[in-house]
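Let's walk through this one together, one question at a time. Have a look at the chain below before we start.

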Amino acid sequence: MLLEGELATLSVMSAYIDLNPVRAGLVEDPKDYRWCSYAEAVAGGRKALSALHTITNEHRLHERNQPGGSHRIPGAGKVLSGYRVWLFGQGEEVRDGHGSDSQVLRKGIKREVVEQVRTEDGKMTLAETLRHRVTYFTLGVALGSRGFVDEFFEARREQFDVRRQRGSRPMKGGSFAGMFAFRAPRVGVI
C-alpha cells in the first residue's frame, strides 16, 4: 500500500491499524496488541513515538510556541497521552441509540472507557507502562537498580566486548523509579 504523507491520511490509517485489534475483539485496549505502532511506542520504540507525535499534530502546536520553530519532540509521556486520548476518541463504539436495547453499529471502545481515558488525560500508571515495555523484558535479562544490573554484568563480563563499560542501561521514555535494564547481545539476528 502506498500512502500520501499528508497528516490527514496518516492519521486515518494510524487509527485504522491501531484500532483493528480492538474491533476484531482481540484486545480491549490498543496498547495490548503488541504488533501495532501504538504498542511499539508504549514499549519505548523511538520511531513509533515520533510517528505518533506527527499524527496527533502536536508538533505544529509545539512549533508555534517555540521561537525559531524548534523541531524537538515533547517528552514520551506527553506524546503517548495525547495520542491515547485521540485514539480512544476515534475508536469509540458506535451504537444506534441509547440504553440496553441499542445495537452496536461499529464495534470499538466503550464510551465509559473513552471518558475515563479523557478524564485521566491519557496517562497510564507506572505499572501499566512497565507491563508494556516489552523490549526491556524480552531483550533484557536483568532489571533493577544500577548496582544490581552492573553486578550481573560484571559476573559475565567475559561474554561482552571489552569496550562495554557497564551493563546497566537507564529505562527511557517514562518515569521508572530509577530502574535500569540490561540488554543481552542479540544472537543469530538475520
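Q: Which helices are among those that cover the buried residues of α5?
A: Keep in mind that this is a predicted model. The buried residues of α5 include Ala76, Val79, Leu80 and Tyr83. Among the elements that cover the buried residues of α5 are α1 (7-23), α2, α3 (46-55) and α6 (111-119).

Q: How far apart are the end C-alpha atoms of α5, and what span should its 15 residues have?
A: The helix α5 has 15 residues, and at 1.5 Å a residue it should span 21 Å. The end C-alpha atoms of α5 agree with that, as they are 21 Å apart.

Q: Is tyrosine 83 buried or exposed?
A: The cut-off to apply here is that buried means under 20% relative accessible area. Tyrosine 83 has a relative accessibility of 0%, so this residue counts as buried.

Q: What kind of pair do the rings of tyrosine 38 and tyrosine 83 form?
A: The structure holds two aromatic pairs, and this is one of them. A pair of aromatic rings is described by the distance of the centres and the angle of the planes. For tyrosine 38 and tyrosine 83 the centres are 5.6 Å apart and the planes are at 40°, so the pair is tilted.

Q: How many residues apart are tyrosine 38 and tyrosine 83?
A: Tyrosine 38 belongs to helix α2 (residues 37-42), while tyrosine 83 belongs to helix α5 (residues 76-90). Their pair links distant parts of the chain, and the two are 45 residues apart.

Q: Which residues do ring pairs link into a cluster?
A: The rings of tyrosine 83 and tryptophan 86 have their centres 5.5 Å apart and their planes at 40°, so this pair is tilted. Both residues lie in helix α5, three residues apart, about one turn of the helix. With tyrosine 38 also paired to tyrosine 83, the cluster is Tyr38, Tyr83 and Trp86.

Q: Is tryptophan 86 buried, partly exposed or exposed?
A: Both tyrosine 38 and tyrosine 83 are buried. Tryptophan 86 has a relative accessible area of 24%, so tryptophan 86 is partly exposed.

Q: At what distance from the ring centre of phenylalanine 152 does arginine 156 lie?
A: Arginine 156 lies over the face of the phenylalanine 152 ring. The distance from the ring centre is 3.8 Å.

Q: What separates the C-alpha atoms of serine 145 and serine 168?
A: Serine 145 sits in the loop between β3 (140-144) and α9 (146-155), and counts as partly exposed at 42% relative accessibility. Serine 168 is 23 residues away along the chain, and the C-alpha atoms of the two are separated by 8.3 Å.

Definitions and conventions: Residues numbered from 1 in each chain as written. Predicted model: local features only at pLDDT ≥ 70, side-chain atom pairs only at ≥ 80, totals over all residues. Heavy atoms only, no water. Helix = DSSP H or I, 4+ residues; strand = E, 2+ residues; numbered from the N terminus. Buried < 20%, exposed > 50% of the residue type's maximum accessible area, 1.4 Å probe, protein only. Phe/Tyr/Trp six-rings, centres within 6.5 Å; stacked < 30°, edge-to-face > 60°. Lys NZ or Arg CZ within 6 Å of the ring centre and 35° of its normal. Expected span 1.5 Å × (residues − 1). Contact = heavy atoms within 4.5 Å.
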